[in-house]
Amino acid sequence: METFLAYLNEAPGTVLPGLMFYVLAIVLLYAGVMVITARNPVHSVLFLILAFFNAAGLFLLLGAEFIAMLLVIVYVGAVAVLFLFVVMMLDIDFEQLRKGFVRNLPLGLLAGVVLAAQGIMFAISWSFAEGAKEGKGPTVLSSATNTEQIGQVLYTHYMLPFQVAGLVLLVAMIGAIVLTHRGNTGVKRQKVAAQNSRRPADVLKLNSVNPGEGV
Amino acid sequence: MLSTEVLAVFLPLLGFVLAGALGRRLGAHGAEYLTTALMLTAAALSISLFGTYALDGQHTTITLMSWMSVGPLSVDWALRFDALTAVMLVVVNGVSAMVHLYSIGYMHHDPHRPRFFAYLSLFTFAMLMLVTADNLIQLFFGWEGVGLASYLLINFWYKKPSANAASMKAFLVNRVGDFGFALGIMGIYFAFGTVSFDGIFNQLGIETSFKLFGWTLDAVTLSCLLLFMGAMGKSAQLGLHTWLPDAMEGPTPVSALIHAATMVTAGVFMLCRLSPLFETVPEVLAVVTILGALTAFVAATIGLTQFDIKRVIAYSTMSQLGYMFFAVGVGAYGAAMFHLMTHAFFKALLFLGAGSVIHALSDEQDLRNMGGLWKKIPVTWALMWIGSLALAGVPLFAGYYSKDIILESAWASHSAAGQFAWYMGIAAAFMTAFYSWRLLLMAFHGQPRASAEVMSHVHESPFVMLLPLLVLAVGALGSGAYAYDWFVGEGRFEFWRTTLAVGEHDVIHAAHDVTGWVKHMPTLMGVSGIFLAFIAYLWVPKLPGALVRMFPSLHALFYRKWLFDELYNALCIRPALCLGRVFWQSGDVRLIDGLGPNKFAEATKNAADELHAAQSGYVYHYAFVVVFGLAALLIWLTW
Amino acid sequence: MDLLSLSTLLPEITLTLAALLLLMVGVFMGDRVTNAVTQFAVLALLLVAAALGATMWGVEADFHLTGPQGFVDVSLFTSLIKLMVLITAAGALLLATGYLRREEIYKPEYAVLVLLAVTGMCLMLSASNFLMLYMGLEMQSLCLYVLAAFRRDATRATEAGLKYFVLGALASGLLLYGISLVYGFTGSLSFAEVATALSQDSSRGALVGFGFILVALLFKVSVAPFHMWVPDVYEGAPTPVTAFFSVVPKIAAFGLLMKVCYGPFAPLQDKWLWLLPVLAAITMLWGAIAAIGQTNLKRLLAYSSIGHVGFALMGLAANDPRSVIVYLAFYAVMSLGVFAVLLLMHRDERMLETIDDLAGLSRVHPGLAAAMAILMFSMAGIPPLVGFFTKLYVFVAAVQADLIWLAVIGAVASVVGAYYYLNVIKVMYFDEPVAKYDRFTDGNLTGTVTAMAVLSVAGLLLIAPVVMLAQYAVHLLKP
């Protein structure tokens, strides 16, 4: 039975990529742990960015440079920076939140250990179904770069999920607007039509005032 | 459909339904007049039926409808008419009509008369179902029906705790007997495969046996014993008699009707109805004889010492029932029925007379507070004398004929049990005469012991109460001599035909030929008992007290009713209550409720509290539960 | 992409177009057209339902059609579940109008979001590929999060929305992780290929992946212990949204659960048949027990819905999807009826949500109390109301599957559950009345209450055809 690690060792460029994998993986795990344990929330976000970078590195090792770049651009460039702004803008007492963390740590550790043990167990006893490694997706030109390969299938084979993803984004947009948008009632706008349709007769009133009597 | 027979049986039911359902609308007077009129009609019809079925010797069975049909068991609602039924019809409807009439006067203070009359009519109907039954199941229906009516009537003044207790006691003690009776019916069904009388009589001599705990018992013998157990309960025979004296808590007309004339004789009737069957089991008959004789004796001894006027008569009733039973036991069924009939007249007369006395004395029942009443209520006094003379068996009065023939039959049966019964009966006859006159003398003669205020109110009962007394007095006077020939005389075969069994040894025939001293012994005993009573309660008033001081333990034994109540209390009631309490407290409350519904409810509530606590409202708690659940699920899944 | 395969997506396409059209109308015409938009949305839902029903009419039991690139696959089963979703969604939308108007949140987006949520549900039900499944599920979930927080000025509603969102995101993460594990084992996301791969060879990794996917779906169905979000969200969300939540996504998620269990993971049947009875038992008991002592009706109904999910899951645990469909169909009837009663309860323009507000209802509004009593009796499973027969169906299924212990636990849970259903009736009939409610002006609500109460009584006659329909529908699902 082929294990996952054995599969990894067969990857092209045996020594360096293997070494790189371990470095990136260890740093990734470290960064992940630090995200939750760092005292300063800003540090947490920075560790998150570090984790994203390492993950991108792992994707590069797998030869998935397009996804690696997406990760850097979207997650590091947009999401994490947004997080950073939000964390810096919000006045949250993180010490208060941390109190529960320590109290719930034992049980959390228990569940974590159980899940981790199971993860290790299935990882070392991993097996593949017939023809799984070759992939059963749509056929693409294997010589092309993976950016090209994605381009070949995303709008053809994966047309339907792509469209649905569009709908999901639409829903997200509607949701954001519904939940946050408030119509501005206090804004004074120029109403051109109303101005143009004003006639003196409607708005002017002529009074003849006799001298000495006042209005 | 509406033949005389059916009407005679169902008119009381109609009375019950009308008085019970429309009592409020009819009003008290309407209810009592209606039921009484229906009862009188039924009584008149009964007399005409007596002519048809007893005197003309016909017999018929009217099937009304099928009651149940379960597998091989099929039971009909059917009315069986023959001489035995006819006699009972006259007794039941006659006495019941008189009691209805009497009650109009006796109960006129009571606001709940419609209920009372409804119950009376219900009782009568149930009794009629019993006596006209064609099978054991219908008989059992009537049997339970009269038990129910008896319960309701004893407890008529249900606000009195003593009435409550008495009614419950009557019901429970009867239940013991009825349990035996029901088992007996099942045994009979087991043995004969049928419950109809004709079906049973057609297969007499059958050999069937039960296997019980390794014993083999003859099914018929055992069933008959069990049936007799039912009779013991209903007819207050020694052992299951304790309810009868207490039943005097009911209104006096009830005592007269149910606890003297009719219901308590149901046991005797049942044995007579089944006489062909009982003739085949002489062992059971011996038991009946001995128990009847003991009852006659023991009840008479108790009657000597009681002070409550109704209780004295109640013990006298019990004693007389003992006579009837040993008459059955020795095979003199005609004599038993004869005594049943005459006893119904004179005992109802005595009870109603006692009621009249109680009525006159503003509800005073204690003999020690009476005396000197005869001038104030002469009619009642005279009628009580007639009743007592009949009871004591003074010649020419009804009781003389019936009691004598019973005692002679016992003597003539030439069995050990019969001899025993004769001695017991003779002794009881003496005591009967004595306590009857003790009652008469204490109540009517001597100096008035009631307060002057009560005495000033003493008055003769109204005509509506006296009229039934007069009718019954006629019965007490004449029924013995008039019916002697039909019941036990030369015409008895013509009269009873096949309804009553006659053994190989015809005891009634033999009874006519007993030697002279045996013939005169009962009369002698009765007269000497009366004489002694005069000495003790009129001429030498100190004598009773002296006797009590001489035999204190014997008096105590008699006065405390042979300690039956105490015995049952200690043996049955207290252990039963104890057991009940144990089952209730530790069994039901603690074990079943405690671990069952209550525990379950409590556990549910606790669990609910726990779950509420888990529902903290914090997202990370929920997320944690999800993750934990995931871990558990994965373990479960990959096991 | 030929037209026939595209036709499998006709309901979704129609609904999407309707939603987009209504969105545009709403955006440009503002809140004035809310009423028209809502009614049009209801109409669209019902029209699609009618069209779907018409296509189901007369097709063979083994009818199925594969959509573009094999991403979707429709059969009688998916059509029936979709039909139930569409009809109940239309009902729930009808119930909402009065409440939304009173709370001044009557906006076109509500109807649009409901339409989009239903579209998402239809997509995920049609899915025959994990990618598609995820997209559909996410689409409906996003709509639901927004709907839960739709009353954005009420703290409780926003809290509910946020909780739902965070926990839903967790579930989505689990789902994706599970999918990736399954993909790792089989190299494919297609249901058919996953099933083939699993039937040939199974590994622990794939099993763990299945576990993750299962947990995510059970979370959506609200099976204990993955149900913790339900009471808080149900209580906090606006009542018509709760009514929607308690019925529509539940049916959809159950349909998806069945499709996944009998589809790609059919080779693992032994595993999930081994697991689900325990979860069903926990869910039934948790739903029944935790409801005791609740004073808020919405919270009570949340636990009640959890309990009902447990009963429905018992049918699946007994390997009888037919009984699940029957159970859910009539559960939807009762639930919508009860929520309509809840929505009718307002006094001085204020919603009433506690059980005490029902006090003495029988004297001030005897008709409403009678309808509520019928619905409660039916929910408690008391014959001859329909709730009894649906329960009976799952019990019989459990007994036939040799799961007698589960049926016994189900009976115990029903008894415990009867306590709080009967408590509601007791409060209505025996407590002292407080005061009259506001006049019932909403015809939709009174009509729904009447109709659902009548259905609960007449369900006795309707249940046989529904069972027949369900029998047809599961023909292909469980060969």
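Modeller: What follows goes through the contact between two chains and then turns to a third. Keep in mind that this is a predicted model.

Start with chain C and chain A. On the chain C side, 41 residues are in contact with 32 residues of chain A. The area buried between these two chains is about 3,100 Å². Carbon and sulfur atoms give 75% of that area. Three residues stand out on the chain C side: Phe71(C), Met135(C) and Arg152(C). Together they supply 18% of the area that chain C buries against chain A, more than any other three residues.

The rule finds one salt bridge across the interface of chain C and chain A. Its partners are Arg182(A) and Asp153(C). Their closest N and O atoms are 3.0 Å apart. As for polar contacts, the count between chain C and chain A is four residue pairs, with both residues at pLDDT 80 or more.

Which elements build the chain C side? Those that give two or more residues to it are helix 2 (10-29), helix 5 (108-126), helix 6 (130-148), helix 7 (155-186), helix 8 (191-200) and helix 9 (204-221) of chain C. Helix 6 of chain C gives the most, with eight residues. By residue type, the side of chain C that touches chain A divides into 24 nonpolar, 10 polar and seven charged.

Next, chain B. Helix 1 of chain B covers residues 4-55, and Ser46(B) is found in this helix. Is Ser46(B) buried or exposed? Ser46(B) has a relative accessible area of 0%, so this residue counts as buried. What does Ser46(B) touch, leaving aside its neighbours within four places in sequence? Ser46(B) is in contact with Ala8(B), Leu89(B), Val90(B) and Asn93(B).

Chain B also has a hairpin, made of strand 1 and strand 2. Strand 1 of chain B spans residues 60-70, and strand 2 of chain B spans residues 73-81. The two strands run antiparallel, and nine bridges join them. One pairing to look for is Ser66(B), whose bridge partner in strand 2 is Asp76(B). Two residues lie between the strands of the hairpin. In this hairpin, Gly71(B) takes a positive phi near 55 degrees. Strand 2 of chain B is mostly covered, with seven of its nine residues buried.

Conventions. Residues are numbered from 1 along each chain as its sequence is written. Chains are lettered from A and ligands numbered from 1 in the order in which they are written. This is a predicted model: local features need pLDDT of at least 70, side-chain atom pairs count only at pLDDT 80 or more; totals for chains, interfaces and linings use all residues. Side-chain values use heavy atoms; hydrogens and water are left out. Contact means heavy atoms within 4.5 Å. Buried area is the accessible area (1.4 Å probe) that two parts lose on being put together, summed over both. A salt bridge is a side-chain nitrogen of Lys or Arg within 4 Å of a carboxyl oxygen of Asp or Glu. A polar contact is a pair of N or O atoms within 3.5 Å; within protein, one must be able to donate a hydrogen and the other to accept it, and residues adjacent in sequence count only if both atoms are side-chain atoms. Helices (H or I, at least four residues) and strands (E, at least two) are DSSP runs, numbered from the N terminus. Ala, Val, Leu, Ile, Met, Phe, Trp, Tyr, Cys and Pro count as nonpolar, Asp, Glu, Lys and Arg as charged, and the others, Gly among them, as polar. Buried means under 20% relative accessible area, exposed over 50%, partly exposed in between (1.4 Å probe, protein chains only). Two strands pair if DSSP finds at least two bridges between them.
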